[in-house]
Amino acid sequence: MITQKTGIEIKAILFDLGNVTVNFNHYLAVERIKNFTDKSGDEIYRLFFDSDLTGLFEEGKLKPYEFYRKVKELLKVKISYEEFVPIWNEIFFISEDNLKMHALIKKFREKFTVVLISNINKLHYDYLIKKYDIFEEFDKHILSYEVGARKPATLIYKAALRDADADIKDVVYIDDREDLVKQGNALGIKSICFKNYPALVESLGALGLI
């Protein structure tokens with residue numbers, strides 16, 4: 001599609017997952033796991049969501065059960081794998097902005113290739129695609145644990161461009177993290193930092209997309 005306002009041809013829209021398509025709250029898992037360990041909430045959070053261990057899991061370098069075993073060892077949690085999985089997974093929810101984004105994704109799919117590009121592990125992904133039907137609306141899912149690299153690695157962006165069958169100049173990328181948007185722009189992708197839905201609509205309008 002060539003936008004009338006800018007004369008720019010756009011073929012694909014890349015959407016981040018967390019806090020764009022679906023919201024999450026890491027502390028929901030932290031509070032539940034505290035019942036099984038003497039570690040503090042901060043210690044649990046750092047291990048779960050801000051550690052090399054989680055990075056390896058999101059890059060597909062650890063299988064789900066391997067990740068569980070390492071968490072169990074490091075946190076000294078007395079918990080089975082079957083108990084651990086729902087605690088790990090049940091951190092997601094849908095906000096009003098998410099619902100508006102879902103409508104936008106469906107609308108964009110009529111004109112563009114719409115691509116999900118996410119730093120995500122297999123447990124979370126398997127849980128989300130069963131719980132929320134919005135993921136059926138994406139033409140492609142570019143997942144860090146399958147690609148073997150997380151944003152901001154160039155590799156995952158290249159994978160998204162390849163699967164979208166689009167050049168850098170033909171793509172718009174939406175993410176809530178400023179550092180990832182900065183990397184997208186550095187690669188030459190027109191990138192928008194998602195703060196809230198009205199601001200996104202303004203940015204997309206400036207590109208002539210809505």
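## Salt bridges

A salt bridge here is a side-chain nitrogen of Lys or Arg within 4 Å of a carboxyl oxygen of Asp or Glu. Under that rule, this predicted model holds 15 salt bridges. Glu58, Glu59, Lys61 and Arg150 are joined by such bridges into a network.

Arg177 and Asp179 meet through their side chains, with N to O at 2.7 Å. Lys122 pairs with Asp126, where the closest N and O atoms are 3.0 Å apart. Glu31 pairs with Lys34, and their closest N and O atoms are 3.6 Å apart. That value counts as a salt bridge because the cut-off is within 4 Å.

## Exposure of the paired residues

Arg177 has a relative accessibility of 37% and counts as partly exposed.

Lys122 and Asp126 both belong to helix 7, which spans residues 122-131. They sit 4 residues apart, about one turn of the helix. Lys122 is partly exposed, with a relative accessible area of 36%. Asp126 is partly exposed too, at 25% relative accessibility.

Helix 11 covers residues 197-206. Which of its residues are buried? They are Tyr197, Leu200, Leu204 and Gly205. Viewed down the axis of helix 11, these buried residues fall within an arc of 135°, so they line one face of the helix.

The other side of helix 11 carries exposed residues: Pro198, Glu202 and Ala206. What do the buried residues pack against? Their partners are helix 6 (96-108), strand 6 (171-175) and strand 7 (190-193).

## Helix 11: the ends

Asn196 caps the N-terminal end of helix 11. One of its side-chain oxygens lies 2.9 Å from the backbone nitrogen of Ala199.

Just after helix 11, Gly208 adopts a positive phi of about 80°.

Technical notes: Residues are numbered from 1 along each chain as its sequence is written. This is a predicted model: local features need pLDDT of at least 70, side-chain atom pairs count only at pLDDT 80 or more; totals for chains, interfaces and linings use all residues. Side-chain values use heavy atoms; hydrogens and water are left out. Helices (H or I, at least four residues) and strands (E, at least two) are DSSP runs, numbered from the N terminus. Buried means under 20% relative accessible area, exposed over 50%, partly exposed in between (1.4 Å probe, protein chains only). The arc is that of the directions from the helix axis to the C-beta atoms. Contact means heavy atoms within 4.5 Å. A polar contact is a pair of N or O atoms within 3.5 Å; within protein, one must be able to donate a hydrogen and the other to accept it, and residues adjacent in sequence count only if both atoms are side-chain atoms.
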